[in-house]
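Subject: Structure handover

Hi,

Here is the structure I promised to pass on. Have a look at it first, and then read my notes below.

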Amino acid sequence: MQIGYQAFWIPKFGNAVEEYEDAFSPISFGEEQRTPEFRCAVSDGASESTFSSLWAQLLVHAYSAGQFADADSLCSILTSLQSSWKEKIDTTDLSWFAEEKLQTGAFATLTGLTLANSEGSRIWRAFAIGDSCIFHIRGDELLNRFPMRSAEEFSYSPNLLSSSNANVALEDLVRTCEGEWTSGDMFYLMTDALSQWFLAWYEQARDPIGWLGMITDQNEFDTYVEEWRKPRSDPSLKNDDVTLLRILAR
Amino acid sequence: MPYTAQISRANPTCFLFLIDQSGSMDDPFSGTSRKKSEFLADTVNRSLKELTLQCASGRDIRDYYHVGVVGYGGKGVASAFTGQLFGRDLVPLSEIATKPLRVDERPQKVEDGTGGFIETKVKLPVWFDAVADGGTPMIGALSKAQSIITNWLSTHADCYPPIVINLTDGEQTDGEQPDVVSAADSLKRLSSNDGNVLLFNAHISSSSANPIEFPDKQDYLADEFARMLFEISSVLPEQQMRYAKERGLPVNDRSRAFVFNANMYAVNQFLEVGTKVATKLLR
């Protein structure tokens with residue numbers, strides 16, 4: 001299996017780079033790599049929570065490293081992920097608000113994709129908590145969309161995974177999906193703002209697949225995103241951190 | 001559409017509390033020994049704490065909000081901040097958070113996840129202590145609010161419209177009702193590019209009568225003072241109206257940002273609707 005991989009990202013307009021709270025994995029994957037199995041993930045740290053980008057990063061790296069792929073396997077490592085999060089935070093001389101916020105913990109979405117090619121059987125498997133999305137494209141056709149189906153499904157309160165609460169019914173939060181792929185298929189992973197844009201334009205027949213296809217490097221990505229989220233009466237793209245992974249599978 | 005501006009560090013908005021510090025605030029709520037002035041100080045402290053926590057991330061506070069608190073009572077109309085923030089009108093939240101008068105600690109029981117409880121301590125920062133003395137110069141307070149907000153808008157033309165929250169237990173003593181209406185109208189005529197300044201009014205009561213929350217008409221308001229406060233209160237913007245609905249309040253698109261005869265619970269609920277909803281625009 002040969003994988004072509006690109007990652008693009010930009011923080012919310014008005015925020016500094018350090019305030020970007022999405023995460024993605026892998027950070028890079030070379031030009032085109034041969035591999036029997038490929039895993040990638042995006043996560044959207046909730047800006048209302050604390051140390052959320054740290055939590056988002058732990059989650060995407062754990063998924064990419066194959067530490068979990070469904071509710072059961074996540075359940076078995078959740079407390080150790082939560083301990084890792086806590087350990088990585090310097091708690092010396094915390095102010096009253098930082099300490100109190102730490103008790104509530106961090107929250108993030110997580111969406112992961114695994115591609116495998118084993119004995120000629122090409123399978124993709126997806127995992128999602130929350131509203132970051134995967135779009136499976138063949139040519140100029142949208143074959144699959146997961147987990148959100150339409151632009152109006154997005155809300156202010158998606159499912160989120162907590163960094164401090166271990167007593168959570170993961171089977172209620174986690175969604176999984178799988179299917180087959182053929183050589184030349186493309187997969188996009190993106191966090192919620194761009195996902196909602198994609199589905200809205202798809203529903204309006206404005207060819208988001210074509211538009212994303214025009215993005216070949218980070219500069220072009222920045223230009224298109226800035227244009228789509230320009231303040232106007234009804235901007236196409238909400239002002240939020242934007243993360244896009246493109247995977248070409250052969 | 002108005003009241004949809006995205007709030008960010010680059011485009012913050014402001015909350016301005018106007019708090020009644022007149023002598024009658026020394027009276028307790030009906031059926032309790034809790035003085036209105038002490039409850040009000042506690043409530044404003046808690047609101048500042050909540051706003052701080054909304055904006056806290058890691059070790060930082062993101063200045064999505066600047067906040068002011070103006071007291072009006074026997075000493076006239078002035079910023080109610082004391083200590084390091086003495087005399088300040090609107091202060092960035094990061095500065096408020098690091099300059100409380102003191103941080104009290106209170107024990108609190110939290111669930112330990114296995115059906116039991118553990119005792120922890122909750123930190124309660126205090127910026128205001130109770131003050132209750134003299135008359136009720138509400139017209140003066142509304143005029144001061146107008147000048148503070150005018151100043152703010154001159155450098156924040158695109159902000160989510162400022163929210164002014166007036167908490168009082170009774171009628172003004174510095175003029176007649178038409179003067180109150182006129183001062184409130186001048187305040188609400190101010191606007192950013194995203195809409196007009198919002199004026200919320202909470203009437204805090206010693207009476208045992210039931211609170212009237214977010215009414216959409218004056219019909220149930222028996223007395224003239226209540227009707228005036230209704231008249232000067234803004235209509236709830238859609239976000240706040242939807243949030244109030246989620247909390248089970250019977251509101252609609254004509255509901256006013258107003259509560260009359262509020263007891264402690266009603267005041268808290270009122271302030272949550274007024275201050276928490278804006279955070280949904282942060283995401």
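**What I found**

Let's start in helix α6 (residues 238–246) of chain B, where Arg242(B) and Glu238(B) both sit, four residues apart, or about one turn of the helix. (Helices here are DSSP runs of H or I with at least four residues, strands are DSSP runs of E with at least two, and both are numbered from the N terminus.) Arg242(B) makes a salt bridge with Glu238(B), with the closest N and O atoms 3.2 Å apart; the term means a side-chain nitrogen of Lys or Arg within 4 Å of a carboxyl oxygen of Asp or Glu. Arg242(B) is partly exposed at 38% relative accessibility, and so is Glu238(B), with a relative accessible area of 44%. For that scale, buried is under 20% relative accessible area, exposed is over 50%, and partly exposed is in between (1.4 Å probe, protein chains only). Also in chain B, salt bridges with shared partners link Asp216(B), Lys217(B), Asp253(B) and Arg254(B) into one network.

Before going further, some housekeeping: this is a predicted model, in which local features need pLDDT of at least 70 and side-chain atom pairs count only at pLDDT 80 or more, while totals for chains, interfaces and linings use all residues. Residues are numbered from 1 along each chain as its sequence is written, chains are lettered from A and ligands numbered from 1 in the order in which they are written, and side-chain values use heavy atoms, leaving out hydrogens and water.

**Where the chains meet**

How many residues of chain A are in contact with chain B? There are 29, and they touch 28 residues of chain B, contact being heavy atoms within 4.5 Å. The area buried between the two chains is about 2,600 Å², with carbon and sulfur atoms giving 46% of it; this is the accessible area (1.4 Å probe) that two parts lose on being put together, summed over both. Trp96(A), Phe97(A) and Tyr156(A) supply 32% of what chain A buries against chain B, more than any other three residues.

Five salt bridges cross this interface. One of them joins Lys49(B) to Glu100(A), with the closest N and O atoms 3.0 Å apart. Are its two partners buried or exposed? Glu100(A) is buried at 18% relative accessible area, and Lys49(B) is buried at 5%.

**Within the chains**

In chain A, Ser195(A) belongs to helix α5 (residues 192–203) and is buried, with a relative accessible area of 0%. Leaving aside neighbours within four places in sequence, its contacts include Asp131(A), Cys133(A) and Phe154(A). Elsewhere in chain A, Glu226(A) forms a salt bridge with Arg229(A) at 3.3 Å between the closest N and O atoms. Glu226(A) is partly exposed at 32%, whereas Arg229(A) is buried at 6%.

Over all chains, the structure holds 23 salt bridges.

Cheers
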